[in-house]
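Student: I have a new structure to read. Could you walk me through a sheet and a chain contact?

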Amino acid sequence: MFLTDPFFWEVVISGLLAGVMYSLVALGFVLIFKASGIFNFAQGVLALFAALTLVGFMDGQVPFAHVINEALGTNYHHWYETPGGGDGAPIWFVALSIAATTAVMILLAWLVVKVVLKPLVNQEGIILFMATIGLAFVLEGVGDLMWGANIKVLDIGLPSGPSDWIIDQTGMFVNKLEISAAVVAVILVVSLTLFSQYTKMGRALRAVADDHQAALSVGISLETIWWIVWSVAGIVALVAGIMWGASSGVQFSLSLIALKALPVLMLGGFTSIPGAIIGGLIIGVGEKLFEFYIGPMIGGATENWFAYVLALGFLLFRPQGLFGERIIERI
Amino acid sequence: MLYREAGDFKTTYRSDQQTFPIKSERFLFWAVIALVALAVPFFINDYLEKAVLIPFLVYAMAALGLNILIGYCGQVSLGTGGFMAVGAYATYKLMTGFEWMPMPVIIILAGFITASVGIVFGLPSLRIKGFYLAVATLASQFFLVWLFNKVPWFYNHSATGQITAPPREFLGFTLTGANAEPYATYLFCLGFVFVFAWVARNLTRGRIGRQWMAIRDMDIAAEIIGVNPLMSKLSAFAVSSFYIGIAGALYFSVWTGAAEVTEAFGIDKSFDVLFMIIIGGLGSILGSLIGAAFIVLLPVLMTNIFARWLGMSTEIAEHMQITIVGVLIIFFLIKEPHGIAALWRTIKEKLRLWPFPH
Amino acid sequence: MTLVDTLPAGQREVLLEVDNISLSFGGVKAISNISFDIRVGEIRAIIGPNGAGKTSMLNVINGFYHPQEGTITFEGVPRKRMRPHHAATHGIARTFQNIALFRGMSTLDNIMTGRGTLMKRNLLWQALWTGPAEAEEIEHREAVEKIIDFLEIQHIRKTPVGRLPYGLQKRVELGRALAAEPRLLLLDEPMAGMNREEKEDMSRFIIDVNTQFGTTIALIEHDMGVVMDLSDRVVVLDYGKKIGDGPPEEVRNNQDVIDAYLGVPHE
């Protein structure tokens with residue numbers, strides 16, 4: 001019986017923890033799609049950019065250093081040394097770096113709204129979608145030019161390694177980092193829900209999501225709303241970037257987590273926050289189990305496509321997704 | 001004088017619906033064709049062939065295909081790379097399995113094989129719309145690449161997992177392999193692009209093209225006035241994949257001569273072709289060609305500017321290039337969401353009215 | 001003039017029979033137990049206050065919605081779970097309340113698309129163009145040009161429909177429906193939002209379509225003057241129920257109809 005097989009539960013737990021990460025990225029998509037109808041393809045690169053920036057601040061790197069050095073023949077590297085040296089940075093410094101990165105993400109959100117979205121207001125969804133692909137390219141290029149394209153280590157002092165306590169209790173290997181990622185994700189989801197339910201700004205966001213025109217007519221500024229959602233999405237991206245970067249380093253492949261979040265969106269619906277979370281967990285567990293039990297029979301590495309096929313199959317039977325309402329078409 | 005309509009009256013519906021309704025435009029078109037078909041082969045060299053002309057022609061083919069699906073039928077697909085892979089692997093299997101088969105036949109067959117795969121992956125479009133469909137097409141992208149990677153039959157169990165095109169001749173000209181002549185490969189690809197650009201034009205100006213556009217513009221109304229959504233969408237997927245399959249076939253056999261699926265037909269291929277049709281113009285044959293030229297030439301140009309003239313390292317040049325492509329995409333979407341082709345149309349309108357703009 | 005045309009509308013052959021139709025979305029009943037018929041060559045008006053289920057009724061007739069109960073019989077053949085494009089190929093054409101033209105296409109292409117159900121050349125012929133496909137295209141272009149002449153829209157033939165004023169768009173939409181040479185034409189508020197002059201033009205076109213082409217017409221309209229002038233028979237809906245059916249003058253004096261329009265509260 002596989003339910004008593006510790007491997008099964010280990011796979012399920014690692015699936016759940018991976019699923020939490022997918023949910024986190026999917027959440028960023030959902031926030032922007034709900035409030036502006038924009039399918040933000042740049043969400044993954046946003047996470048990469050955030051992680052790169054955070055590493056840059058923590059290491060005291062000079063932005064664009066290698067470009068400047070090459071153009072002017074100078075030799076800039078660092079503004080300052082990381083306090084604490086090799087034993088890990090002190091908590092105040094980590095907090096300061098995260099705050100600075102958050103500020104950068106908010107500034108970036110403002111720039112995106114002013115430069116990209118505002119001139120494209122009232123364009124069709126597909127045009128905006130493509131604009132975010134362009135944005136993804138710009139962020140990727142600028143991120144690399146600013147901080148260099150080499151793989152970076154991100155260590156903000158989160159616990160890592162297998163949890164001894166869990167090994168003692170159950171014999172399963174579960175990484176502490178993944179547990180902390182899950183905890184952070186849960187905190188983030190709860191605070192986002194509280195924000196959108198109980199603050200004035202949150203209500204305005206939901207108003208815009210329901211009906212742009214109506215929201216405008218009662219004096220909610222679309223631009224401000226967009227700025228806020230893109231900022232929030234940027235912060236969510238930062239969290240995703242930190243978690244992902246802490247476990248596998250900060251490099252270009254980090255932006256590919258966006259591709260893992262897309263099937264989650266299909267499954268959970270583009271506008272549903274609970275959908276993003278449940279969908280992420282289903283996909284995480286589903287792909288890990290499939291890879292563990294079926295993968296070896298068909299050559300492995302099925303994680304790349306299984307999530308998509310799962311979501312696709314599901315959608316064929318329920319086109320409105322997990323939590324979407326049935327659409328009544330009108331003419 | 002360019003674009004003078006005066007005196008160029010249309011007396012039949014036939015002449016009213018021709019591709020280039022204005023005499024001087026027809027003249028210009030045939031002059032360009034004569035130049036590229038008759039003059040270019042005399043000064044083509046390896047660099048021009050492998051870095052500029054063949055890439056342009058291959059991507060033009062893919063862009064034509066994707067534009068039929070997205071620009072005309074409105075079904076967003078991100079599976080282009082996967083379908084190019086189908087074309088390439090079909091070509092490889094046909095070339096190695098049937099050595100007597102002439103190259104043009106192989107390429108066309110590869111197109112048909114890709115078309116049938118395209119129909120299968122197009123089936124979800126009947127239930128799923130918009131962005132959901134765009135994401136769903138990624139399933140085909142990832143699944144197909146995985147399949148060609150994992151099933152050794154597709155690459156004839158070669159140790160490297162690569163596919164390599166054996167040398168083949170057609171009418172005495174070597175088209176594939178190390179000894180292929182630049183002018184021969186160029187004319188071979190040019191022939192395909194010329195014929196299939198014309199076919200695309202024919203398909204899009206008739207009943208089927210109008211039905212595609214009707215689905216794109218308002219699918220519910222289209223169905224109510226008699227457009228069969230099943231036939232329209234699947235035919236768009238089939239035709240589109242046919243073109244993209246041919247592009248993949250030419251990419252592998254004539255251009256690179258060898259391919260490894262994850263490297264050659266990854267998701268970045270899908271995006272490259274998507275950018276071509278956005279920048280060139282959605283729903284425009286000419287736009288597909290312009291877009292392909294633009295995206296192929298841009299890196300060539302930038303490598304020359306940044307790496308050769310300004311002496312930057314290739315790494316920085318590459319990142320500059322990514323940034324600039326991104327900026328250009330956003331810029332074009334803001335300035336002219338309908339692409340360079342629309343810009344060209346506006347210029348033509350102005351020329352026709354010149355010097356009296358009202 | 002044939003014998004059919006001289007008979008009063010109520011005695012002609014039945015073209016479409018709506019029998020005991022009920023339609024609901026989730027728990028909401030849009031139409032309940034409605035029956036009426038449309039007879040060959042007549043102009044049949046469907047009227048009623050907002051939300052009475054008029055558009056839903058048209059959607060049922062051309063297969064866009066599938067009713068939970070009841071049958072639609074068109075030309076003697078009962079239609080169950082028919083798809084909208086089948087309705088179109090069988091001779092039911094339609095215009096829409098909110099203009100549903102193909103915005104990316106010209107007037108000519110919009111009307112030619114309406115002709116699609118009559119065109120037969122397959123994909124391969126179309127790919128070659130020269131020959132049968134082109135001949136077919138020209139043949140149908142001639143028919144479409146007649147419609148363009150009829151609707152007096154020659155000057156906007158090649159204009160993208162998105163650029164046209166509202167009244168002309170409505171006219172192009174009528175042209176697109178006519179192009180299919182329908183035997184039953186469904187018009188959903190063809191005159192909504194028009195000024196008086198445009199309404200007169202549109203009324204003239206509707207009458208001409210009916211008399212010159214002999215097309216049977218079912219139309220939804222709010223302007224009572226227009227309805228009374230144009231239609232042979234009127235069916236009145238309110239809250240998804242039929243409350244009146246008959247010639248205009250009879251319906252006008254029906255107490256239920258007067259109540260529905262004047263807003264007598266429902267018990």
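Tutor: We take the sheet, then the contact. This is a predicted model: local features need pLDDT of at least 70, side-chain atom pairs count only at pLDDT 80 or more, and totals for chains, interfaces and linings use all residues. Residues are numbered from 1 along each chain as its sequence is written, with chains lettered from A and ligands numbered from 1 in the order in which they are written.

Student: What is the strand order of the open sheet in chain C?

Tutor: Strands are DSSP runs of E, at least two residues, and helices are runs of H or I, at least four, numbered from the N terminus. Two strands pair if DSSP finds at least two bridges between them. Here six strands run β6-β7-β8-β3-β9-β10 in chain C, with mixed pairing.

Student: Which are the edge strands?

Tutor: β6 (92–94) and β10 (241–246) of chain C; each pairs on one side only. Three bridges link β6(C) to β7(C) (184–188), and the two run parallel. A93(C) has L185(C) as its bridge partner in β7(C).

Student: Which helix lies across β7 of chain C?

Tutor: Axes are lines fitted to C-alpha atoms, for helices over the stretch in contact; angles run from 0 to 180 degrees between N-to-C directions. Contact means C-beta atoms, placed from the backbone, within 7 Å. Helix α2 (54–61) of chain C runs at about 150° to β7(C).

Student: How many residues make the contact of chains A and B?

Tutor: Chain B gives 35 and chain A gives 40. On the chain B side, α14(B) gives the most, with 13 residues.

How values were computed. Two residues are in contact if their C-beta atoms, placed from the backbone, lie within 7 Å.
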